[in-house]
Amino acid sequence: DGGDGGDGGDGGSGEPPLESTTWLIEAGEDEQTQALAAMFAAVPGDTIEFGVGSFDFNTTLVMSHKQGIVIKGQGMAKTILNFASSRTPEGLSLSHMDGITIEGMTIVDTPGFSLKVSDSDHVVLRNLRAMWTSADGGMDPNDPSTLNVSCDGLLSLEESTGHFTNSDGVPQIYQPSSSNGGYAIYPVLSNHVLLDNVISLGASDAGIYVGQSNHVIVKNSHALFNVAGFEIENTDDADMFDNLAECNTAGFLIFDLPGLNQYGDETRAFRNVARYNNTPNFAPGGVVSAVPQGTGFLVLGYDEMEIFENDISNNRTLGIVYVGHELLEGGVDKVGDLRMDLYPEGLHLHHNRFSMNGYSPQPPQEGVFRCADGTGGDSGTPCVPTDIDDGHVSLLPALVQVKGVLAAEQGDPYGPTGAHIVWDGMYDREPYDCELAPEFLGRVDDKGKPQYDGNDHPTCRYNKYKFVYENGELQRDSQGNAMRHHPQFWACFNDNDFSPENRPYLSFKNTDPTDPPDTDISVHDCPTRFGSTLAPLDEAVVESYTGSNSGQQAPTPQEIRETCENYSGQTVNRTALQFNCELLSQYNLFSDPTDPRSAPNDNGLLFELTTPLFSDYASKYRFVWLPTDAPAQWKEGSPSEPNATLDFPVGTVLAKTFSFKNGAAEDIVETRLLIHRAGRNNSNFWIGMAFVWETDGNGNRTDARLSIAGHSATVSWNYSDPDPEVSATYEGSTENYVVPHPNQCGTCHQNDDRPAGDAPIGPKVRLLNRPLSYDGVSRNQLAYWVEQGMISGAPVLTIENGIATGVARLPRFNVPNDAVHLPGGASQHAPGSAKFDTEMRARAWVETNCAHCHNRKGPARSTGVFFDAFKEVDLNYGVCKTPTTAGSSSGGHQYDIVPGSAATSILTYRIDSEDSGTQMPPLARSVRHQEAVDLVRDWINSVVDGSYAGAGCETDSGGGFPLR
């Protein structure tokens, strides 16, 4: 009883209680139920505290839209949250929080991310460890002493086993795996983030990550045996200091990646240690799979960094490398995101200590370059190259070796080694023929750089702010080179200490394997060259949470119970809608309380969608109840509000029942409710709940009970499609049909353009635009609702064949020639053509199954992939887009959609998967939707081609990264 899980979980009273509560979770049989109940019911000021022991969970611990919450354990070595048997990707997943602290525990063996915090403010993560146990055994979450791994005293990597040995020649026990989750600590799209004393171990992408965030401090932390130890991505105003990165593939990464919601600058990294980062790259895909083994620091396309007072040592390929997207993507014209500055600039390296970096660069993969003597260079043997296969995946380490050989031939004493500092040597030497559009003129920083965001769409790439103009004329030096503003857009090195046995500096100059490199580090002596160096960056400031927890006392459990039980007749118990009743019958929604498929009480109305969300071939019954004399408002959606449904008033109830048909028999498993409630201070929010149906000793349904901890069931189905235009029979079974717990509702139902909480997804104009039988007469649903006074503000509707022609509509995905039109994102194919029909029907399925998260306002907007119907099919729809966070879920593929090749596209790989850590959507199904998979494959193979915006990767050799 009590907490509502939305708008702060206030129990329906509109105010939090006066006194905070500590929810103590003890290890034992009901540990998961305890934890889920606490996450659901906690209110501002509450603490959720885990006791000593190992806790086993088979589902994600989810929380959203709450304030001032602390989640804590008894310490890393005492409280272990084990997700090895989980059927959902994340361990802890929190979103839209204000003032969240998580501390004092270890999170182990999640299928996906260990700890994700998104769209939140004032985030504190401290005294935490997130890890995966060793692939070769020897680690037991029930024995915390086995979870400790150290890299102390490492000397070398044993190539034949992949194990490190310590100073006594004893192999280290830890073995990472590409099947590990991608990210350990993952705050994203958040503000004022503090990470203090966090440890990551074994992430197949990045261990300690902050992305698309602002005002960040990462300190006193330790990353080991990850692909990337620490990663700052598309983030503004970040400090990383007093951290240790060792035994990763790469120690510290500072990135700006294309196609995301924001771009970053101003990161300081100081007093860190990056050592022995020589673990072979075990990332199964994504950008980080391109990082060479043996990298101390890597900077990619990011501006304004100050890296100082760090110890960088014993990284086999290089100490610090900074490169641009021209190298990563294989050319300027291949970077489809026109908002991006492609090159890292404003890099200030000073007072760092470099030793033993670049001593034995990672060998390039077979065939990456061809040597003058005709050999393939596949063994990594130094040679004078004649050509580089730049479509292969090993360009960066190949260039390190190749340019090292050429440097030695020019008299450099270091031979075919790497260097302490490596630069790709690429920068924009001339301004592009592009003027800054008027709408962006007011959004430039103090250096003249435009501050684009995810909603901007420039038509060309602008970089003139880097160059010197007088009276509108570009200035050139005596050699005719365009004059740049220095040193703002350059890299300055001073007062660094380099060990003498390794090359201090190596600049490729370009990717020409026959062009000798530059090794003269004085080019970066800014005081000598330009008369000044880069000014120190300001320290990052992370503000503390200062929210208030005062309010009126919430109703007691007894008061809630009495309200829920006070109903009679054929009238909905509307007073109880403000509470989370224990039984579905207590809301009195149906005239037969044991049958939620028909006969709704009051003004309840059945409705259906054109293309619904797939849920293990379940049959679904949808009803809506509106408050008396309060209609829904017409809202059709737009590019700025892609998730807009009809605007339902407070007091609305939506019900959806899931059943499985076997001939004449039908097994009703669950009924889900969405209730629109009033919140504090004149706010409102939606709360989602699932009720599991129970039976008596004779198998008769009795009632449905609120499922606080979720539920799983074995179900089977064998039935014909109810649409007369679809001649299909569905037959199958699953032992893992999942009923979600209440906090999981927000995984799909929370978007920034919707009311707080679990706002509806389905009842959009474009999904309701279809006929349905009312009293035996087929009517367009929208038109009928308008006539019944259930919708106000609708336009005049013209109905043809049961469809309103003047408003948006998504087609039925499985009915050929049903594609009428989509609301924006128009196809480049002619309406009525076979390609148009295939594309529109495939996109309809992708929207209803993926776009509730993948849109510019959705929970997955950090990916930069948007599948809503308003989006053009281009880079941000996934065409040739490299994933930023796919990790092992990419299946080893490099692009979300490869034109003409569904077999190498991540989209089809994930919708075809039945693995809980890989499948998309991540919830609501345990089997694949075969008919939809076939349609999407057909669309990518036969319709999407090189003419689509962003295309080009279809010509890549293996769809790989040239950087790796």
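**Notebook: sheet, lysine, helix**

I looked up the sheet and found eleven strands forming an open sheet in the order β4-β7-β9-β13-β15-β18-β21-β24-β27-β32-β37, with parallel pairing. Strands here are DSSP runs of E, at least two residues long, and helices are runs of H or I, at least four, both numbered from the N terminus. Two strands pair if DSSP finds at least two bridges between them.

I checked the edges: β4 (61-64) and β37 (505-507) each have a single partner strand, so one side of each is left without a neighbour in the sheet.

This is a predicted model, where local features need pLDDT of at least 70, side-chain atom pairs count only at pLDDT 80 or more, and totals for chains, interfaces and linings use all residues. Residues are numbered from 1 along each chain as its sequence is written, and side-chain values use heavy atoms, leaving out hydrogens and water.

How many bridges join β32 to β37? I found three, and β32 covers residues 419-423. V422 has L506 of β37 as its bridge partner.

Next I looked up K116, in strand β9 (residues 115-118). Is K116 buried or exposed? K116 is buried, at 15% relative accessibility. Buried means under 20% relative accessible area, exposed over 50%, and partly exposed in between (1.4 Å probe, protein chains only). Beyond its neighbours within four places in sequence, K116 contacts residues including E90, Y186 and P859. Contact means heavy atoms within 4.5 Å.

Last, helix α1 (residues 31-41): eight of its eleven residues are buried, so the helix is largely enclosed by the rest of the structure. Among the buried ones are L36, M39 and F40. The buried residues of α1 pack against strands including β1 (22-25), β4 and β43 (684-695).
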